[in-house]
Amino acid sequence: MEAIKCIGCGAELQSEDKNKPGFIPASGMDKEDPICKRCYRLKHYNEVMDIDIDSGEFLTMLNALYETDGLIVKVIDVFDFHGSLIPAFNRIVGDKDVIAVINKIDLLPKSVNRNRVVHRAKQMLSEAGIRAVDTVVVSAMKNEGMDTLVKKLSSYSNGQDIYVVGTTNVGKSTLINRLIENTSGDKEVITTSRFPGTTLDLIDIPLDENASIYDTPGVVVDSQMAHYVQSENLKFISPTKEIKSKTFQLEASQTLFISNLARMDFVAGDRNSFVVYANHALNIHRTKTVKADDFYQNHFNTLLAPPEISKPYLSEDYEVFEFDIEEDSDISISGLAFIRAGAGASVAVRVPTGIDVTLRPTIF
Ligand code: GDP
């Protein structure tokens, strides 16, 4: 049977996966001139919707971008810096200018100095090998910092097109929808256009007479915690409002569970304080390390939930990261939490296989 294509963007229509290109609810398939949900929202609500592609497809798309001039806007989730990095990003961006947008700044406590966050973000970008001409902190959701971003986009784009890129869940769609509000109002001006040489369709939002902003699909990276929970459970791990810290004074040989998706064993060192920053819905549980295995087996989907997980990852399918902490640092568990730990502690952090855990100087 010949595939039916969306008359808006040309993607092959499908009803299986709402996050992939060409999704249409099964009931819409029989309609005359069917359009996919993404085009529908764009056409009727001037709103972009995120669709996902894997990193291979993404690289193909960025390879095509390589040939064009333009400004790249790289969106980063302040809460999941590591999970926001796109593999091989630099090589493909070539010598285009990159503006780093650190999004979801509203998640950090209000007392946190924004300049310090920008400073740390620049350091972390440079450690990741990303050369950004400018770094802006924003909250797309709360409309914070968006005026500054729009001004910077105008000045750096020099009449060139702007491509907004990011891994899934960093808030790219929310950001673009804000940009639409701030630049085009609600005029019906947004269109999709097929990017030369690829099957991917970019959404074209006119910025001014000369330049357009293009939304690109979100890249799925395997190290994101979001892959280990069902989408309806994402709300428990991915915070949407200011993260609250919880402080624990621990002795060596004690363990902290951060829900059922991570555990930190305090292996050696003097009594130390550990401050956990995570979605307030998550249960943080302290126990003795000798009892931790049994505790997990018995309670992974009860006392330690939410989220509900399909198997006890931390006893069946896990990796361990060991750190000797020499100065006050953040132990960052990609997409789930970060734990501020004082100097002198040796810890072992256990997470589902594939999740990244990194030690970094404190982010604020
Ligand atoms: P995309 O996959 O990168 O397009 O991300 P979305 O725009 O769909 O956003 C992913 C999640 O992050 C959603 O739950 C959004 O509500 C949330 N989000 C996006 N921007 C912000 C922000 O500035 N602050 C907060 N707290 N949440 C945000």
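A residue is called buried if its relative accessible area is under 20%, exposed if over 50%, and partly exposed in between (1.4 Å probe, protein chains only). Keep that in mind for this tour of a predicted model, in which local features need pLDDT of at least 70, side-chain atom pairs count only at pLDDT 80 or more, and totals for chains, interfaces and linings use all residues. Residues are numbered from 1 along each chain as its sequence is written, and side-chain values use heavy atoms, with hydrogens and water left out.

**Stop 1**

Switch to a cartoon view. Helices (H or I, at least four residues) and strands (E, at least two) are DSSP runs, numbered from the N terminus. Two strands count as paired if DSSP finds at least two bridges between them. In general, strands of a sheet pair through backbone hydrogen bonds, either parallel or antiparallel.

Find the open sheet with the strand order β14-β11-β12-β18-β15, where the pairing is antiparallel. Select 284–288 for β14 and 318–324 for β15: these are the edge strands, and each pairs on one side only. On average, neighbouring strands here are turned by 20° against each other, direction ignored. Angles run from 0 to 180 degrees between N-to-C directions, and axes are lines fitted to C-alpha atoms, for helices over the stretch in contact.

Next, select residues 346–352, which make up β18; seven bridges join this strand to β15, and the two run antiparallel. Show F323 and you will find V347 of β18 standing opposite.

**Stop 2**

The term means a side-chain nitrogen of Lys or Arg within 4 Å of a carboxyl oxygen of Asp or Glu. D293 sits in helix α8 and R263 in strand β12, 30 residues apart. Is R263 buried or exposed? R263 counts as buried because its relative accessibility is 4%, while D293, at 42%, is partly exposed.

**Stop 1: another sheet**

Look for the open sheet with five strands in the order β10-β13-β17-β16-β19, again with antiparallel pairing. Its edges are β10 (244–250) and β19 (357–361); each has a single partner strand, so one side of each is left without a neighbour in the sheet. The twist from one strand to the next averages 25°. Select 272–278 (β13) and 337–341 (β17), which pair over five bridges in the antiparallel sense. Y277 has F338 in β17 as its bridge partner.

**Stop 2: two other salt bridges**

How many salt bridges does a search of the whole structure find? There are eleven. One of them joins E251 and R271, whose closest N and O atoms are 2.9 Å apart. E251 lies in the loop between β10 and β11 and R271 in the loop between β12 and β13, so the pair ties together parts 20 residues apart in sequence.

Finish with D134 and K152, whose side chains meet in a salt bridge (3.2 Å, N to O). D134 is buried at 14%, and K152 is partly exposed at 23%.
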